[in-house]
Amino acid sequence: MAIRRGRGVAAINYPTGMNLGGDPTQALVHSTPTGNFMVTLSSVDLGQGMKQIMAQICAETIGVPTDRVVVDTADTDTGPHCMGTFASRGTHRAGNAVIQAAREARQVMLEVAAEELEVNASDLETDGQGNILVKGAPQRSISIFDVALSAHFKRGRSISGRGMFLIPRSYPEKETGAMKPSTCYAHACTVAEVEVDDETGEVTVLAVTNVFEIGRALNPKMVEQQLVGGSWMGISHALYETTEPYYPNRDHGGTDFNQYLMPGPGDLARTEIIVLERPSADGPYGAKGPGEMCANPQIPAIANAVFDAVGVRIDTLPITPERILRALKAQAPN
Amino acid sequence: MELRKSYFADQRKDDLHEIGQPRPRSDSPGHVTGKTTYFADRNFPGMLHLKMVRSPHHHARIRSIDTSEAEKHPGVVKVLTAKDVPHNVYTILILIQIGPEDETVLADGKVRWKGEAVVAVLAETERAAQEAAAKVKVDYEVLPAVFDMDEALKPGAPIVNEYHGRNYYLYDSGECRKVRFGDVEAGFAEADHVLEQAYQSSPIEHAPTETTGCIVAPEGNDRFTCYTNTQAMFFTLDNASIILQMPGNKLHFVGGTVGGGFGGKVDVIVEPIAILGAKLTGRPVCFIYSREEEMQISSPRAAETVVIKDGVMNDGRIVARKVTGHTDAGAYSRHSPYGAQKGAGHYPGPYTIPNVWIDTYCVYTNRTPSSAMRGFGVTIGDFALEVQMDKLARLIGMDPLEFRFLNAYRDGDMKAHRQPTEGAALIECMQEASRAANWPVAEQFMAISSYAKGA
């Protein structure tokens with residue numbers, strides 16, 4: 001009887017957005033009289049930080065600092081339609097809608113600035129700090145604050161824009177299954193290191209090294225929070241979780257966090273996250289949706305590491321001590 | 001976390017001001033100081049609490065329902081049964097033309113899983129609603145139940161859901177979604193080894209911090225505002241509109257920050273019945289799942305079985321892959337026909353294989369209805385695929401990582417569902433994992449890229 005070490009690998013991909021498309025999201029953008037910008041959506045922030053990302057996307061597109069953008073969302077009386085926050089679609093779908101709306105608003109903003117500066121709108125650029133400058137002659141400039149005031153009170157222009165993003169729905173061909181499930185895919189490779197106690201069947205995940213390719217890290221800190229959380233969830237899925245521990249007997253399902261097992265602070269592995277960026281052709285600034293993907297590769301990597309450690313295959317989730325011990329017993333010579 | 005900018009540097013311009021910057025989240029201070037408002041932080045004068053009477057049986061006919069004692073219980077304002085729901089039989093994906101309607105808001109004549117909602121009780125307090133719910137008398141005739149997908153698919157198995165009339169979802173392609181690419185039998189015939197293995201999973205719980213729920217307030221003008229933590233505002237509004245036969249312009253949905261979703265809040269369960277309660281009583285109604293309901297009543301991830309049969313050559317090439325996937329929907333469809341379909345589009349994984357055969361089934365049993373959960377349609381498939389890859393590598397005596405490099409898809413490769421691969425990055429992820437985890441592979445694999453061969 002001994003503690004045995006093992007290592008396993010898994011490599012995966014994951015589609016961004018609703019399978020087969022057909023899932024629209026709209027956005028509206030408008031400026032306030034003093035040159036702040038409102039993004040109006042009906043998308044839902046699940047705690048992953050969608051509002052912050054939409055603000056950064058709008059700010060980048062219009063050419064203002066992020067703190068000049070406010071996001072109003074999840075109200076069906078004010079926000080235009082969004083299919084919902086699921087299927088790793090929020091950033092990709094809503095982000096594209098926000099870019100389209102922000103581009104339209106930016107164009108009006110530049111037209112008003114052009115009238116104030118008596119130049120062509122195509123000769124203007126933003127400095128990202130709240131000013132509009134004449135290209136090549138940055139001493140000729142106007143603040144976005146003043147442009148918005150002019151638009152509202154002098155020139156009667158609405159600095160606003162509409163955005164809509166829809167990937168047309170694909171219908172699978174009945175006999176061959178020819179179809180377009182998604183327009184872009186995120187990728188991952190995870191290496192897990194485990195210790196398995198061959199007397200108790202207990203698995204300790206020592207380390208997970210996760211490499212994720214996500215198109216573009218729009219906000220690296222928020223990418224990190226989502227990927228680390230997902231990695232923990234994958235470990236939990238692999239080793240602990242079931243609502244029916246004695247299936248097919250349906251009794252004894254967990255009804256609270258004391259009974260429904262999930263990893264506690266002492267069960268968390270050393271977690272390494274490395275991010276690669278291959279921008280997707282149709283993503284907002286190249287972003288893909290890694291929200292679901294990041295909880296997947298740990299599961300098979302741990303299963304393979306358990307095999308590497310003790311030489312038994314557990315092909316049924318979760319990989320419990322009981323299943324490991326039964327497999328070891330079945331394998332042992334009499 | 002580290003960003004490795006050396007990969008794909010030729011495909012990126014790092015000339016952005018706001019994107020790529022680790023700006024602090026504007027909502028974080030509210031979250032960590034307890035100031036963020038969630039839907040349940042609202043309180044309205046005269047608000048009623050809704051509790052469900054739930055089926056204690058996995059499968060039973062309802063002979064009769066007697067609510068008289070419950071109605072007399074102090075504090076009870078209204079008791080609702082199936083006849084009170086205008087369009088009681090519904091299915092949420094009807095909005096994207098995936099039918100038939102197969103689920104009842106409140107059970108009508110039959111229950112198909114243990115925990116199914118039968119009677120809704122509205123009372124002045126949560127306690128009164130709970131006590132009155134215990135006084136509802138339902139006379140059941142228990143029916144044989146089926147908990148196993150193989151059993152459910154056998155001839156003569158009890159029919160779980162009469163709206164389907166069979167224990168599987170009927171796609172336009174028949175009893176399963178199919179993908180056919182190349183000649184899988186010829187591939188097995190030419191292979192040096194054939195390996196067929198079966199994988200299975202259990203339902204699991206989303207375990208959000210905030211349980212599913214809503215509060216509905218009449219606006220006084222025959223409009224109703226529903227404060228909810230749904231993940232999909234209009235999807236829920238439009239389904240509520242169908243169930244209640246109420247024009248959508250009478251409904252106003254307000255969300256906000258949600259305390260975790262993970263797919264558990266895209267079913268439309270609490271909102272329609274709470275709106276109906278508010279409409280029939282003229283009072284605000286609160287319907288929030290207890291932790292027990294969240295864990296045992298709300299949809300879990302589906303149990304799945306995946307059988308993979310592969311043909312592999314001694315040199316490491318996979319020449320044929322056949323996948324048969326079964327998704328246990330439980331008693332009702334919810335999002336499961338979509339999940340099983342998503343699996344068909346995902347197999348055979350991120351590898352280029354010339355001969356592929358995929359069948360994915362959505363099966364009905366008397367288990368708790370499953371539905372969306374982070375990665376559904378793919379997560380269990382990836383578990384099965386990647387354990388299978390490990391077994392194949394060891395079968396032919398190759399390093400598991402090198403075996404994946406050899407079969408990894410690249411730009412331009414044709415996938416089994418007949419889309420050319422674009423934007424692949426599997427190879428680079430594996431190269432970086434090889435370095436970071438100190439898992440050395442042969443030099444040739446570190447030199448290749450996902451770009452099309454010869455590009």
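In this predicted model, strand 10 and strand 18 (residues 356–364) of chain B pair in the antiparallel sense, with five bridges between them. One of the pairings links B:Arg177 to B:Thr360, its bridge partner in strand 18 of chain B. Both strands belong to an open sheet of five strands in chain B, whose order is 10-18-17-16-11 and whose pairing is mixed. Strand 10 (177–181) and strand 11 (193–200) of chain B each have a single partner strand, so they stand at the edges and one side of each is left without a neighbour in the sheet. From one strand to the next, the twist averages 5 degrees.

Strand 3 (residues 60–66) of chain B runs antiparallel to strand 9 of chain B, and six bridges join the two. B:Ala60 has B:Val142 as its bridge partner in strand 9 of chain B.

The next step is the division into domains. Chain B consists of domain 1 (48–142 + 207–296) and domain 2 (177–204 + 300–396). The centres of domain 1 of chain B and domain 2 of chain B, taken over C-alpha atoms, are separated by 35 Å. Where they meet, 16 residues of domain 1 of chain B are in contact with 17 residues of domain 2 of chain B. On the side of domain 1 of chain B that touches domain 2 of chain B, six residues are nonpolar, six polar and four charged.

Chain A is divided as well, into domain 1 (3–16 + 182–331) and domain 2 (25–165). For domain 1 of chain A and domain 2 of chain A, the separation of the centres, taken over C-alpha atoms, is 39 Å. The contact involves 16 residues of domain 1 of chain A and 14 residues of domain 2 of chain A. Eight nonpolar, six polar and two charged residues make up the side of domain 1 of chain A that touches domain 2 of chain A.

What lies in the interior? The largest nonpolar core has 233 residues, and those that touch the most other members are A:Val39, A:Met54, A:Cys58, A:Val98, A:Ile302, A:Val306 and B:Val121. Helix 2 (residues 90–117) of chain A gives the largest share of this core, 11 residues. Beyond its neighbours within four places in sequence, B:Val121 has contacts that include B:Lys51, B:Val53, B:Ala70 and B:Ala133.

Another residue to look at is A:Val203, which is found in strand 10 of chain A. A:Val203 counts as buried because there are 26 C-beta neighbours inside 10 Å. Leaving out residues up to four places away in sequence, A:Val203 touches A:Val194, A:Val196, A:Leu239, A:Val306 and A:Ile319. One of these, A:Leu239, is 36 residues from A:Val203 in sequence, yet the two are 7.8 Å apart in space, C-alpha to C-alpha.

How many residues does each chain give to the contact? Chain A gives 97 residues and chain B gives 100 residues. Among the elements of chain A that give two or more residues to the side touching chain B are strand 1 (3–15), helix 1 (50–62), strand 9 (185–197), strand 10 (203–213) and helix 4 (220–239). That side of chain A has 47 nonpolar, 30 polar and 20 charged residues. The chains are also linked by strand pairing: strand 11 of chain A and strand 1 (residues 2–3) of chain B pair in the parallel sense over two bridges. A:Val275 has B:Leu3 as its bridge partner in strand 1 of chain B.

Helix 12 (residues 426–436) of chain B is mostly covered, with nine of its 11 residues buried. Among the buried ones are B:Leu426, B:Ile427, B:Glu428 and B:Met430. The buried residues of helix 12 of chain B pack against strand 1, strand 9, strand 10 and strand 11 of chain A, and also against helix 11 (400–407) and helix 13 (443–447) of chain B. After helix 12 of chain B comes B:Asn438, with a positive phi near 55 degrees.

Conventions
Residues are numbered from 1 along each chain as its sequence is written. Chains are lettered from A and ligands numbered from 1 in the order in which they are written. This is a predicted model: local features need pLDDT of at least 70, side-chain atom pairs count only at pLDDT 80 or more; totals for chains, interfaces and linings use all residues. Domain bounds come from an automatic or database domain assignment. Two residues are in contact if their C-beta atoms, placed from the backbone, lie within 7 Å. Ala, Val, Leu, Ile, Met, Phe, Trp, Tyr, Cys and Pro count as nonpolar, Asp, Glu, Lys and Arg as charged, and the others, Gly among them, as polar. Two strands pair if DSSP finds at least two bridges between them. Helices (H or I, at least four residues) and strands (E, at least two) are DSSP runs, numbered from the N terminus. Axes are lines fitted to C-alpha atoms, for helices over the stretch in contact, and angles run from 0 to 180 degrees between N-to-C directions. A nonpolar core is a set of buried Ala, Val, Leu, Ile, Met, Phe, Trp, Tyr and Cys residues joined through C-beta atoms within 7 Å. A residue is buried if 20 or more other C-beta atoms lie within 10 Å of its own, exposed if 12 or fewer, and partly exposed in between; C-beta atoms are placed from the backbone.
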